[in-house]
Amino acid sequence: MKIYTLTSTQHLPISRQQAWEFLSNPSQLENITSSDLSFQPLAPLPEVMEVGMIFRFQIKPFLGIRMNWHTEITHIEEGSMFIDIQRSGPFRYWQHEHRLIEKADGVEMRDTVNYAMPFSVFGDIAHRVFIRKKLEDIFEYRKQAIASYSENN
């Protein structure tokens, strides 16, 4: 299984606590997800995150195909980081670390995603052809949405 890594870093001119309150609130997920993914929670999203929580939603990540995606919060360091892992969904493996690093002039938000494609060599070809770019676009949209939030707080 080939593991890919995608890292996205963003500086926010807000306190780490402000960033944490936004980022750790699962109900904000809809606000930072591009409408082209057709993100639909399958149950109301809570406002407080806890270890062991499983989020179930549907998305259209590729080619307009609707898929269920279930992720679990597996680790939280209050105020600084959390990890979610895909339990079922479009990837063979998905682990996403969300980390906040305090800086003198705000906070650095760093996302690190380790993931593997399904379908062996065919998944790896799809990754090279369009999936890597799609993931980069998703994180770019997310950066813009979070920047907009930080400007207004």
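**Close-up 1. β3 supplies the largest share of the lining of the largest cavity in this predicted model.** That share is five residues. The cavity has a volume of about 580 Å³. Of its 30 lining residues, Leu29, Thr33, Phe57, His96 and His98 are the closest to its centre.

Close-up 2. By class, the lining holds 22 nonpolar residues, six polar and two charged.

**Close-up 3. The second largest cavity has a volume of about 40 Å³.** The model has two cavities of 30 Å³ or more. The largest share, three residues, comes from α1. Both α1 and α2 supply at least two residues each. The lining counts nine nonpolar residues, with no polar and no charged ones.

**Close-up 4. Gly79 sits in the loop between β4 (65–77) and β5 (81–88).** Gly79 counts as buried because its relative accessibility is 10%, and the cut-off for buried is under 20%. Beyond its neighbours within four places in sequence, Gly79 is in contact with Arg16, Trp20 and Leu100. Gly79 and Ser24 are 55 residues apart in sequence. In space, their C-alpha atoms are 8.5 Å apart.

Notes:
Residues are numbered from 1 along each chain as its sequence is written. This is a predicted model: local features need pLDDT of at least 70, side-chain atom pairs count only at pLDDT 80 or more; totals for chains, interfaces and linings use all residues. Side-chain values use heavy atoms; hydrogens and water are left out. Helices (H or I, at least four residues) and strands (E, at least two) are DSSP runs, numbered from the N terminus. Buried means under 20% relative accessible area, exposed over 50%, partly exposed in between (1.4 Å probe, protein chains only). Contact means heavy atoms within 4.5 Å. On a 1 Å grid over the protein atoms alone, a cavity is a set of points where a 1.4 Å probe fits but cannot get out, and a pocket is an open set with protein on both sides within 12 Å along at least five of seven lines; lining residues have an atom within 4 Å of a point. Grid points are joined across faces, edges and corners, and a volume is the space filled by probe spheres set on the points. Ala, Val, Leu, Ile, Met, Phe, Trp, Tyr, Cys and Pro count as nonpolar, Asp, Glu, Lys and Arg as charged, and the others, Gly among them, as polar.
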